[in-house]
Amino acid sequence: TKCGPGFVSNAAGACVPPSNSNKTLSFYMYRAQGDVDYVMENVNTASLAGVMWYLEKEVVRGTCPRHYGITRIMRMKVTVHSPPELGHNFGSFFAFDKGKCTAPGCLDFFNKHGFVVGCQNQLGTPYGPSAVWYSLPGACPLVDFKSKPPNCLVAQPGGRCPAPTGEKTCAWSYVDAGYISIAELEGIPDYKAFCAAGGNEYILGFWDGRGSPTFSQDRVRKAQDLFKSKYPGMPRELP
């Protein structure tokens, strides 16, 4: 079984965090978003398979435009070093909306374990065991992007720092590693014209075989190919 970064296959073939594992990891994360750039903290990201599952499940539809104005797949090289007392590489996954943690128990977890990267395997998807969602807790994770007061930076500094050390407030970092256009991936030369003509993305060949593990893995491969074509000097996969 091929698992996502930071996971191992157990005897039953499931992907689980390795026991008592706590080391520095560097790997790619991906995020589906629109044309606006912003700092990648207090957001949810995914493995490439996880992003493709999200696009198929929640973003692409039979009418234009896509949900949430999503146009691109962003790629980041993320380095993770969680606090030793956590006992493994990742913490609990928390959903973020507009920069705010929306799940109960966020602050209690962060106060106890640190602002560590969370993860959640997307079980039962056609994209297989490598479909993973992540959470990146940053400064002031309990309020949205527009409402973060300066005084919360002291009490809730987040886990992002230049070089992760394994401290509760220095557990992860990232650098941009490029992006690809979803329209280009699908083979659409002009997305605005496609939508104006009443285009339906689901009838494109790229989305053939929805629900099929074979077709789903092929979509992930095509996205990797496009990243490699656009950024030939960067590794296709990490680690």
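1. Cysteine 161 and cysteine 170 are both buried. In this predicted model, a disulfide joins the two, with an S to S distance of 2.0 Å. The torsion about their S-S bond is about 85°, so this disulfide is right-handed.

2. Cysteine 101 and cysteine 106 are likewise both buried. Their sulfur atoms are 1.7 Å apart and form a disulfide. This disulfide is left-handed, because the torsion about its S-S bond is about -60°.

3. Cysteine 64 is linked to cysteine 195 by a disulfide with S to S 2.4 Å. The link is left-handed, at -70° about the S-S bond. Cysteine 64 sits in the loop between α1 and β5 and cysteine 195 in helix α5 (residues 191-196), so the pair ties together parts that are 131 residues apart in sequence. Cysteine 64 has 22% relative accessibility and therefore counts as partly exposed.

4. The whole structure contains four disulfides, among them the pairs described above. Cysteine 119 has a relative accessible area of 14% and is therefore buried.

5. Helix α6 (residues 213-230) has 18 residues, which at 1.5 Å a residue should span 26 Å; the end C-alpha atoms are 26 Å apart, in agreement.

6. Which residues of α6 are buried? They are Ser216, Arg219, Val220, Ala223, Gln224, Leu226 and Phe227. Viewed down the axis of α6, they fall within an arc of 160°, so they line one face of the helix. The face turned away from that buried side carries the exposed residues Thr214 and Ser229. The cover over the buried residues of α6 includes β3 (25-33), α1 (48-59), β5 (72-80), β11 (172-181) and α4 (182-186).

Conventions:
Residues numbered from 1 in each chain as written. Predicted model: local features only at pLDDT ≥ 70, side-chain atom pairs only at ≥ 80, totals over all residues. Heavy atoms only, no water. Helix = DSSP H or I, 4+ residues; strand = E, 2+ residues; numbered from the N terminus. Expected span 1.5 Å × (residues − 1). Buried < 20%, exposed > 50% of the residue type's maximum accessible area, 1.4 Å probe, protein only. Arc of directions from axis to C-beta. Contact = heavy atoms within 4.5 Å. Disulfide = S-S within 2.5 Å.
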